Amino acid sequence: AIEQNAPASPELAREVRAVKVLEHVGTPSAVKLLEKLAQGTPGAERTRTAKSSLERLAKSAAAAGAGQ
């Protein structure tokens, strides 16, 4: 079955996977790169994915801080 939100091309799929890997890694260097990617072309899939990743990282950091 084809995923409904699947990227349109193999290249785009690789870019989206790379952004998700950066989110998973979550190091300061990875976050810095996500921030740079999030400033990309407005509306571009890679830009939207990077912004979403940063939002999730911020929420998880806030949740971790609240649990202390």
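Axes are lines fitted to C-alpha atoms, for helices over the stretch in contact, and angles run from 0 to 180 degrees between N-to-C directions. Helices (H or I, at least four residues) are DSSP runs, numbered from the N terminus. The model is predicted, with local features needing pLDDT of at least 70 and side-chain atom pairs counting only at pLDDT 80 or more, whereas totals for chains, interfaces and linings use all residues. Residues are numbered from 1 along each chain as its sequence is written, and side-chain values use heavy atoms, with hydrogens and water left out.

**View 1. The crossing of α1 and α2.** The two axes come within 8 Å and cross at roughly 140 degrees. Val19, Leu22, Glu23 and Val25 of α1 meet Ala30, Leu33, Leu34 and Leu37 of α2 (contact: heavy atoms within 4.5 Å).

**View 2. The two faces of helix α2, residues 28–38.** Ala30, Leu34 and Ala38 are buried (under 20% relative accessible area, 1.4 Å probe, protein chains only). These residues lie on the same side of α2 because they cover an arc of only 75 degrees around the axis, taken from the directions from the helix axis to the C-beta atoms. They pack against α1 (10–25) and α3 (45–66). The face turned away carries Pro28, Ser29, Lys32 and Lys36, which are exposed (over 50%).

**View 3. Glutamate 45 in helix α3.** With 29% relative accessibility, glutamate 45 counts as partly exposed (between the buried and exposed limits). Leu12 and Val16 are touched by glutamate 45, not counting residues up to four places away in sequence. Alanine 8 and glutamate 45 are 37 residues apart in sequence and 9.7 Å apart in space, C-alpha to C-alpha.
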